[in-house]
Amino acid sequence: MTDSSFIGPRMVTVRQQFERTRIEDVAGEVDRQLTRLQLQERIGPGESVAVTVGSRGIAGIATITRAIVDHLKSISAAPFLVPAMGSHGGGTVEGQLGVLRGYGITEETMGVPIRASMETVIVDRTPQGIPVHFDRHAYEADHVLVANRIKPHTGFVGEIESGLHKMMLIGLGKQAGAVTYHRAIKDHTFPEIISAVAEVVLKRCKVVGGLAIVENAYDETALIEAVAPAQFREREEELLRQARRWLPRLPVREVDLLIIDRIGKNISGTGMDTNVVGRKYNDHAATSQDDVSCKRIFVRGLSAGTHGNATGIGLAEFTTRNVVAQIDEHSTKMNCITSGHPTAGMIPLVYDSDREVIEAALQTIGLVEPHQSRVVQISDTLHLAELRVSEACLEQGELPVGLEVIGDPVPMTFDERGNLPDVASPAASD
């Protein structure tokens, strides 16, 4: 029930300034980087090259993929694309092809075949006895080129997290590999598994090179680097450190209620980036290892690019019936079970409107009065340059240098259905 006496905090729009290193000519940079590898010395004319394409919402992924294809064609190779995305797309061929179509990646736009299958080959076992799965089409190719974004993982911690290595394990391992490695984490550490499986893949699966991508805090391509297989580990460790430095962050460290307009697999592996919201080590509370603490999280929507996969909804305490109606149960369950993270798909408390959620949530944050609460509303965890914060947030002592306040604080505004307007986002994460 809506409490007519409810007085929430006044909100103000703010703009953050992040370092904005970016590549203007992305396709040209891909070609320049791959030229450094001198691939023509290892790839003969007409030899096939499997090129990985993942399911994360990498900025300009269609441009990057087409540039890889064009470079390989320029040295007379015969490239084809492989959907490399574990269990995403519901763990089906058509689902994974649908994810690629959503990014503008089709056989027509790329000018090469897309060979999609969920079938894998077990190429060997690690010293721990873990079977190493590898996409059958990629295994049968003459060469494999691994492309992926380097960034902090949402659940694992190490010198290697999400990037070229993860693409070799989870992406090219398909659902079978993803299930196997996530189960193995119950008995072995993530760094142990990554090192052991990557060693097998690099030895057995004809990986000819990698293309590492790092994005800035504005969800733009900031760095592209071609990497020789022998340098995968060394370079990925360094690029991960750079990716951490460029990661977008909330402007305040202590938040009573974080309102997220949309979550999705094209935004983060857990729908919302746990490195941003402070839930990397515990689904519902910050730890001493997190940089930010959000007492409560409210998810208002799913991105179009997630295709109903609501993985990560379980990290929130509150949502609405509209969000629940958007959930594809099969895709969500498949992803959560495959990743060994079933709580990521659990449904939070459900209300009919945003206003009802906010009223309820602000009753659970302690002795802070609702109108004095620290509330932050963001578009999603990829787009944090512009957001809304309550007046109490502006009173915190450690606000980022250069934070720009846009306009005056105003009461929370709701439409006739009791819902908030979205925070503006340049790309809307979709």
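Let's start with a cysteine: C294 is buried, at a relative accessible area of 3%. Keep in mind that this is a predicted model. The sulfur of C294 has its closest cysteine sulfur in C393, 9.9 Å away, so the two are too far apart for a bond. A disulfide would need the sulfur atoms within 2.5 Å. C393 is buried as well, with a relative accessible area of 1%. Searching the whole structure turns up zero disulfides.

| Cysteine | Relative accessible area | Closest cysteine sulfur |
|---|---|---|
| C294 | 3% | C393, 9.9 Å |
| C393 | 1% | C294, 9.9 Å |

Now for a sheet. Five strands form an open sheet with mixed pairing, in the order β3-β2-β6-β7-β8. At its edges sit β3 (78-83) and β8 (221-227), each pairing on one side only. On average, neighbouring strands here are turned by 20° against each other, ignoring direction. Strand β7 (residues 207-215) pairs with β8 in the antiparallel sense, over six bridges. G210 stands opposite V227 in β8.

What about helix α8? It covers residues 190-204, 15 residues in total, and reaches 21 Å from first C-alpha to last, close to the 21 Å expected. Its buried residues are F190, I193, I194, A196, V197, A198, V200 and V201. Which elements cover the buried residues of α8? Among them are β4 (120-125), β5 (131-135), α6 (164-171), α7 (174-184) and also β7. After α8 comes K206, whose phi is positive, near 55°.

Methods. Residues numbered from 1 in each chain as written. Predicted model: local features only at pLDDT ≥ 70, side-chain atom pairs only at ≥ 80, totals over all residues. Heavy atoms only, no water. Pairing = 2+ DSSP bridges. Helix = DSSP H or I, 4+ residues; strand = E, 2+ residues; numbered from the N terminus. Axes fitted to C-alpha atoms, helices over the stretch in contact; angles between N-to-C directions. Expected span 1.5 Å × (residues − 1). Buried < 20%, exposed > 50% of the residue type's maximum accessible area, 1.4 Å probe, protein only. Contact = heavy atoms within 4.5 Å.
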